[in-house]
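Here is a short report on one protein chain. Take a look at the sequence and the structure before reading on.

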Amino acid sequence: MAYFYQKIEKQKKLLFISGGIILVTILIILWYQGFFKIPGIQPLDEPEIIMPERKIEINFEFLGSQILKDLQPFEEITPSKEVSGRENPFLPY
């Protein structure tokens with residue numbers, strides 16, 4: 001009877017220790033992610049750099065260039081008439 005009582009006490013101690021380790025780990029993760037930061041104290045933001053708007057110009061003269069006219073279309077790929085592969089590819093050889 002005393003053996004079982006000691007075993008139960010040991011399990012209780014291990015439960016509290018493991019629960020404490022889990023709690024400390026969660027608190028460290030939350031602290032690292034900034035959960036406990038005071039909202040009133042924040043670091044100063046970097047000043048935003050405002051870029052001037054750029055006008056996009058498309059050069060349509062390229063569509064009439066000789067380089068584009070010299071391009072050749074690909075040949076049409078016809079499907080193979082012979083049977084390829086095995087009936088059930090998941091069966092071992």
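Start with Ile-58. At 60% relative accessibility, Ile-58 counts as exposed, because the cut-off for exposed is over 50%. This is a predicted model. Ile-58 sits in the loop that runs between α1 (2–32) and α2 (66–69).

Ile-58 also belongs to a patch. Together with Ile-56, Phe-60, Phe-62, Leu-63, Leu-68 and Leu-71, Ile-58 makes a nonpolar surface patch of about 810 Å².

**Overall fold**

How many helices and strands does the protein have? The count is two helices and zero strands. The radius of gyration is 36 Å, well over the 12 Å that the globule rule gives for 93 residues, so the protein is more spread out than a compact globule. The C-alpha trace spans about 95 × 65 × 10 Å along its principal axes.

**Surface and charge**

Of the 93 residues in the protein, 1% are buried. The side chains include 10 positive and 12 negative ones. The centres of these two sets lie 22 Å apart.

Is Lys-81 buried or exposed? Lys-81 is exposed, with a relative accessible area of 84%. Lys-81 is found in the segment after α2. Glu-9, by contrast, is placed in helix α1. Its relative accessibility is 27%, so Glu-9 counts as partly exposed.

**Separations**

The table gives the separation in sequence and the C-alpha to C-alpha distance.

| Pair | Apart in sequence | C-alpha to C-alpha |
|---|---|---|
| Lys-81 and Phe-4 | 77 residues | 76 Å |
| Glu-9 and Thr-78 | 69 residues | 77 Å |

Glu-9 in helix α1 has its C-alpha 77 Å from that of Thr-78.

Notes:
Residues numbered from 1 in each chain as written. Predicted model: local features only at pLDDT ≥ 70, side-chain atom pairs only at ≥ 80, totals over all residues. Heavy atoms only, no water. Patch = residues over 30% accessible without salt bridge, like charges linked within 9 Å, V, L, I, M, F, W, Y side chains within 5 Å. Areas by Shrake-Rupley, 256 points an atom, 1.4 Å probe, with all protein chains shown as cover. Salt bridge = Lys/Arg side-chain N within 4 Å of Asp/Glu carboxyl O. Helix = DSSP H or I, 4+ residues; strand = E, 2+ residues; numbered from the N terminus. Buried < 20%, exposed > 50% of the residue type's maximum accessible area, 1.4 Å probe, protein only. Rg over C-alpha atoms; globule rule 2.2 N^0.38 Å. Lys, Arg positive; Asp, Glu negative; His and termini not counted. Charge placed at Lys NZ, Arg CZ, Asp CG, Glu CD.
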